[in-house]
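Dear colleague,

I am passing on the structure below, together with some notes on what I found in it. Please read the notes with the structure open beside them.

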Amino acid sequence: MSHHKLEVRNLHFSYPDGYVAVKNISFTIHHGESVGIIGANGAGKSTLLMLLMGVIFPDNGEVLVGDVIVTKKTLPMIRQRLGMVFQNPDDQLFMTTVYDDVAFGPRNYKLSEKDVEGRVAKALELVGIAHLKDRAPFKLSGGEKRSAAIATILAMQPDVLIMDEPTSALDPKSRRRVMSLLKSFEHTKIITSHDLDMMFETCKRIIVIKEGEVAADGTTAEILTNVELLERCGLELPLSFQNCPICGASKK
Amino acid sequence: MTNVINSLYNMRLLDDLARKETSIHKLHPLVKLITTVVYLSVVVSFGRYEIGSLLPFVFYPMLIIVLAELPATPILKRILLVEPLIIGIGILNPLFDQHTVLFFGMVISRGWVTFLSIFIKCGLTVAASILLIATTGMERLAIALRMIKIPKIFVLQLLLTYRYITVLIEEIYGMTRAYSLRSPGQKGIHIRVWGSFAGQLILRTFDRAQWVYQSMSLRGFTGEYNTGDVPKVKFKDIVYLVAWSLFFIIARIFNIPMLIGLLVTGVIK
């Protein structure tokens, strides 16, 4: 695993209809950091992720992976190092078997079929679904699909894992499983979610986005306990920090 | 609405069947592709009035269904799906071609013979194509097509269209469900909303297709659909190809049912 950082410099992006989604965002993420990006709906989180991955390109500013700027030319190299798990696993799983889906990325990088097999086995083992390798993705449950989608990215052995809402639409047990999976990864992680309790457990650092700008950037403990900041940004305290719903007693 | 979901499962049935591991499934995809092409060419090469000689060709799909352990009913259903089209094409033949012929002791219009011949040919060719997919799978079929130098772009188009159909069906399912839940007592979709329904559907599938494409390109997709190692053609693959091709050619040259008939009547005499 390389020890490179991910740097975002004065990023600015507007959609063709003129809507400015990202305004002058800058931050640096170092190797091994786990960073949560939070914000209300429409704050610009998903656009920011798309900019990081080079799916869209900024009007101004740049994204650097290590010392390499994300441009059309550098995309193949960048995408080998950044792996993104989509919010909807159905968008990510399109082959006829889980195995072929997980093998899709490594095969695109022209690895030998023996290496591909090794990587697929390892990735499926890591997310705990080795027994599902010959199943058709559409027949899996929500939690299994999510694990398979994560495996498709792990098989590419990226340096940085980017996840859009990894715990959305999961039942409590599957959510807990995905969370412990996330905690076990040593990759650099960038996670966006509205599940602030999950963020509290899996991320060390939080960046709050409000109307396309960075509203705050600090440690998780500092940000997720700041009621005033969270409310200003259309969020609220993680559920586990809120008062008891029955007796109203404060947990603080 | 259940129809939509059924068709989704039906579509994927061929993928499921292709994952079996029988001796037929294990054959090299190229060999199966060529055998099917030979079969199709030979079957369509028969003249309009040669029904009897077509009969030995039923043997091929039947044997494949048995050897590949495929369920016969769903495959027959798929063949029948195409037949109405053929009936539409051939039904006017009896009107145009009114010469009479003796057919199994009955005097009928020659048009009926040509109609029956089209009907049988269609059944056989569709069966062979379905069996090719059900025993090979789209991905491995793509490998075979690339091996015979079909341009990359066409193969990719074929594979992605095949995948895209399921995306389209899923979107139709989502939309019809949302529609029917808010329109109690209504059958189907009202004609007034057909326009916006179709428009929405196309926008939604574009959107989905774009997500799928993005997820593919984020995993290094650059236009080449890599489906793993290409297996080597083995001796048994060649035997399979040669044996079937010989059978097809012999059955093309000699009218086997007539020969058997002659043999039997000769023995009786």
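**The surroundings of A:Lys189**

Leaving aside its neighbours within four places in sequence, A:Lys189 is in contact with A:Ser34, A:Val35, A:Leu161 and A:Leu182, where two residues are in contact if their C-beta atoms, placed from the backbone, lie within 7 Å. A:Lys189 belongs to strand β8 (residues 188–192) of chain A; helices (H or I, at least four residues) and strands (E, at least two) are DSSP runs, numbered from the N terminus. A:Lys189 counts as buried because 22 C-beta neighbours fall inside 10 Å; a residue is buried if 20 or more other C-beta atoms lie within 10 Å of its own, exposed if 12 or fewer, and partly exposed in between, with C-beta atoms placed from the backbone. Between the C-alpha atoms of A:Lys189 and A:Gly83, which are 106 residues apart along the chain, the separation is 9.7 Å.

Two points on conventions belong here. This is a predicted model, in which local features need pLDDT of at least 70 and side-chain atom pairs count only at pLDDT 80 or more, while totals for chains, interfaces and linings use all residues. Residues are numbered from 1 along each chain as its sequence is written, and chains are lettered from A and ligands numbered from 1 in the order in which they are written.

**Chain A as a whole**

Chain A has 10 helices and 10 strands, and its C-alpha atoms fill a box of roughly 55 × 50 × 35 Å along the principal axes. The radius of gyration of chain A is 19 Å, which agrees with the value near 18 Å that a compact globule of 252 residues would have; the radius is taken over C-alpha atoms, and the globule rule is 2.2 Å times the number of residues to the power 0.38. Buried residues make up 44% of the 252 residues in chain A, and of the contacts with a separation of 6 or more, 64% join residues 24 or more positions apart.

An open sheet of four strands in chain A has the order β2-β1-β4-β5, with antiparallel pairing, and two strands are taken to pair if DSSP finds at least two bridges between them. The edge strands are β2 (20–29) and β5 (68–69) of chain A, each of which pairs on one side only. Within this sheet, β1 (residues 6–14) and β4 (residues 60–65) of chain A pair in the antiparallel sense over five bridges, and A:His12 has A:Asn60 in β4(A) as its bridge partner.

A:Asn10, found in strand β1 of chain A, has a phi near 40°, a positive value in a residue other than glycine. With 12 C-beta neighbours inside 10 Å, A:Asn10 counts as exposed.

Helix α1 (residues 45–53) of chain A lies across β1, β2 and β4 of chain A and runs at about 60° to β2(A); axes are lines fitted to C-alpha atoms, for helices over the stretch in contact, and angles run from 0 to 180 degrees between N-to-C directions. Seven of the nine residues of α1(A) are buried, among them A:Lys45, A:Thr47 and A:Met53. The residue that follows α1(A) is A:Gly54, with a positive phi near 75°.

**The β9–β10 hairpin**

Strands β9(A) and β10(A) run antiparallel and are joined by six bridges, with A:Lys210 standing opposite A:Glu213 in β10(A). The two strands form a hairpin with two residues between them. A:Glu211, in the loop between β9 (205–210) and β10 (213–219) of chain A, has a positive phi of about 45° although it is not a glycine, and with 16 other C-beta atoms within 10 Å A:Glu211 is partly exposed.

In chain B, helices α2 (residues 29–44) and α7 (residues 138–147) pack at an angle of about 75°, with their axes 8 Å apart. Helices α2(B) and α7(B) are therefore roughly perpendicular to each other, a term that covers 65 to 115 degrees, whereas angles under 35 degrees count as roughly parallel, over 145 as roughly antiparallel and the rest as oblique.

Between the chains, 18 residues of chain B are in contact with 24 residues of chain A. On the side of chain B that touches chain A, α1 (2–18) and α9 (194–218) of chain B are the elements that give two or more residues, and α9(B) gives the most, with five residues.

With best regards
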